[in-house]
Amino acid sequence: MENLHIVFWLLKDISWCLFWKPIGIMMIIPTLIISIIIAYRTRKMVSELCHNLAISVWIFANSFWMVTEFIGIDEKYSFWNCNL
């Protein structure tokens, strides 16, 4: 399952680099689901659980960044720095 997780993650990131929007967005779901399943399976070992939860949070944040780039809102100013 971990090897499949890496394949999905790489497909997501390669799609991001090549601006293949549909594939990149579709790869978020299996990548995130498998990372959560892996974290759940390691829930009895605290160090492994923390590591796998950190990976899940990383994938979520990375996916959010990818989607904001795809839809073009990453270049817009937010409300707290609109005077720049």
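**Side-chain contacts and their names**

Modeller: This is a predicted model, and the structure holds one salt bridge.

Colleague: What makes the contact of Asp13 and Lys12 a salt bridge?

Modeller: The N to O distance between the side chains of Asp13 and Lys12 is 2.8 Å. The cut-off is within 4 Å, so the contact qualifies as a salt bridge.

Colleague: Why is Lys12 called buried, and why is Asp13 called partly exposed?

Modeller: Lys12 has 0% relative accessibility, and buried means under 20%. Asp13, at 24%, counts as partly exposed, because that class lies between 20% and 50%.

Colleague: How many aromatic pairs are there?

Modeller: The count comes to two aromatic pairs. In one of them, Trp16 and Trp65 lie 5.0 Å centre to centre, with 85 degrees between the planes. Planes over 60 degrees apart count as edge-to-face, so this pair is edge-to-face. Trp16 belongs to helix α1 and Trp65 to helix α4, so the pair ties together parts 49 residues apart in sequence.

Colleague: Why is the pair of Phe19 and Phe70 called tilted?

Modeller: The ring centres of Phe19 and Phe70 are 5.8 Å apart and the planes stand at 55 degrees. Phe19 sits in the loop between α1 and α2, and Phe70 in helix α4, 51 residues apart.

Colleague: How do you know that Phe70 is buried?

Modeller: Its relative accessible area is 6%, and the limit is under 20%, so Phe70 is buried. Phe19, at 48%, is partly exposed.

Key. Residues are numbered from 1 along each chain as its sequence is written. This is a predicted model: local features need pLDDT of at least 70, side-chain atom pairs count only at pLDDT 80 or more; totals for chains, interfaces and linings use all residues. Side-chain values use heavy atoms; hydrogens and water are left out. Buried means under 20% relative accessible area, exposed over 50%, partly exposed in between (1.4 Å probe, protein chains only). Rings of Phe, Tyr and Trp (its six-membered ring) pair if their centres lie within 6.5 Å; planes under 30 degrees apart count as stacked, over 60 as edge-to-face and the rest as tilted. Helices (H or I, at least four residues) and strands (E, at least two) are DSSP runs, numbered from the N terminus.
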